[in-house]
Amino acid sequence: MTRLAACQYAIELIESWEDYVEHLSKLVRQAADAGAQLALLPEYSALTLTGLLPADIRSDLHKSIDALQPLLPAWLELCEELARSHAIVFQPGSAPVRDPDGQYRNRAWLFGPDGLIGYQDKQIMTRFEREKWNIAAGLEGLKAFDTPLGKLGILICYDNEFPMLGRKLAELGVELVLAPSCTDTLAGAYRVRIGAQARALENQYAVLSSPTAGEAPWSPAVDENRGRAALYVPSDYGMPPSGIVAESESDNVLQSHWLITDIDLGAVAKLRTEGQVATRRDWPEQFDV
């Protein structure tokens, strides 16, 4: 069994680096103390760092992500240190990163007990990211990451709503998909949930989702947040009929909470050859109709 921790993450106003280090360290320690072998934070979790900026900067959509850039190297060092010190796989959510070509991309890093494993950029941008925030799509495509827990993939929020992205990860041999998300309405949260469940059903793998939740009126990017942390699997032998292994009780919180759950990834993989259905195997047949 693999123990997973997905955070229903409240974007708090934290105004000093020392307080932020204490905040993130305490949060990851809680997951590790619960026996988690993997901890997942949501999309744009790094925007909590904009609380360190002057009020007139952090309240400006474009100025805030520009001023965030110098803070990211220290943040990444902290995330790597936490993964190493707790000997866990840690996906600390994502951040808008300015690349050498001048474009911002929504990037999620993955760390393990031995340090940085790699990163995944979001592939398809929402209207807000495209039209308001000028965030560009990733250039390197989807990746599979070899970890102590098996082969993992990352679909960031909106990417979960596109079947061919989920299928690509299946073709890369991914066993577990991490789905960090950030949605400001229940409708958005349900879109990600429906997409994540559909990807788990189609590809016969597990999907772990971590959302932002609560309100952060000081931030123009993540001021309103709704969503439940959850673990989704195919509805098949040995799995919950609903396909939901576990999920947060509420879609709105004032403080961050971990959803701690166990999964036998081997049992999920077995469904691909011994399940009631063979959706992964039969996938190509739909294109012959």
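**Entry 1: helix α8**

I began with what covers the buried residues of α8, and the cover includes β1 (2-10), β10 (176-181), α7 (186-203), β11 (206-215), β15 (257-263) and α9 (279-282). For this I took contact to mean heavy atoms within 4.5 Å, and buried to mean under 20% relative accessible area, with exposed over 50% and partly exposed in between (1.4 Å probe, protein chains only). Helices (H or I, at least four residues) and strands (E, at least two) are DSSP runs, numbered from the N terminus.

Which residues of helix α8 are buried? In α8 (residues 265-274) I noted L265, V268, L271 and R272. Seen down the axis of α8, these buried residues fall within an arc of 105°, so they line one face of the helix; the arc is that of the directions from the helix axis to the C-beta atoms. An α-helix has 3.6 residues a turn, so residues three or four places apart point the same way.

**Entry 2: what I am working from**

The model is a predicted one, in which local features need pLDDT of at least 70 and side-chain atom pairs count only at pLDDT 80 or more, while totals for chains, interfaces and linings use all residues. Residues are numbered from 1 along each chain as its sequence is written, and side-chain values use heavy atoms, with hydrogens and water left out.

**Entry 3: the whole chain**

I counted 9 helices and 15 strands in the protein. The radius of gyration, taken over C-alpha atoms, is compared with a globule rule of 2.2 Å times the number of residues to the power 0.38; with 289 residues, a compact globule would have a value near 19 Å, and the 18 Å of the protein agrees. Along the principal axes, the C-alpha atoms fill a box of roughly 55 × 40 × 35 Å.

Of the 289 residues, 55% count as buried. Among contacts between residues at least 6 apart in sequence, 71% join residues at least 24 apart. The accessible surface, from the Shrake-Rupley method with a 1.4 Å probe, comes to about 12300 Å², and 50% of it belongs to carbon and sulfur atoms.

**Entry 4: positive phi**

Most residues other than glycine have a negative phi, and I therefore looked up two exceptions. N134, which is not a glycine, has a positive phi of about 60°; N134 lies in the loop between α5 (127-133) and β7 (135-136) and is partly exposed, with a relative accessible area of 46%. For Q204, phi is near 55°.

L82 sits in helix α4 (residues 72-86) and counts as buried at 5% relative accessibility. Leaving aside neighbours within four places in sequence, I found L82 in contact with L24, S25, V28, I88 and F90.

With what is A136 in contact, beyond its neighbours within four places in sequence? I listed Q103, Y104, R105, N106 and M125. A136 and R105 are 31 residues apart along the chain, and their C-alpha atoms are separated by 5.2 Å.

L71, in the loop between α3 (61-68) and α4, is partly exposed, with a relative accessible area of 23%. Again leaving aside neighbours within four places in sequence, L71 is in contact with L49 and L53. From L71 to V277, which are 206 residues apart along the chain, the C-alpha separation is 48 Å.
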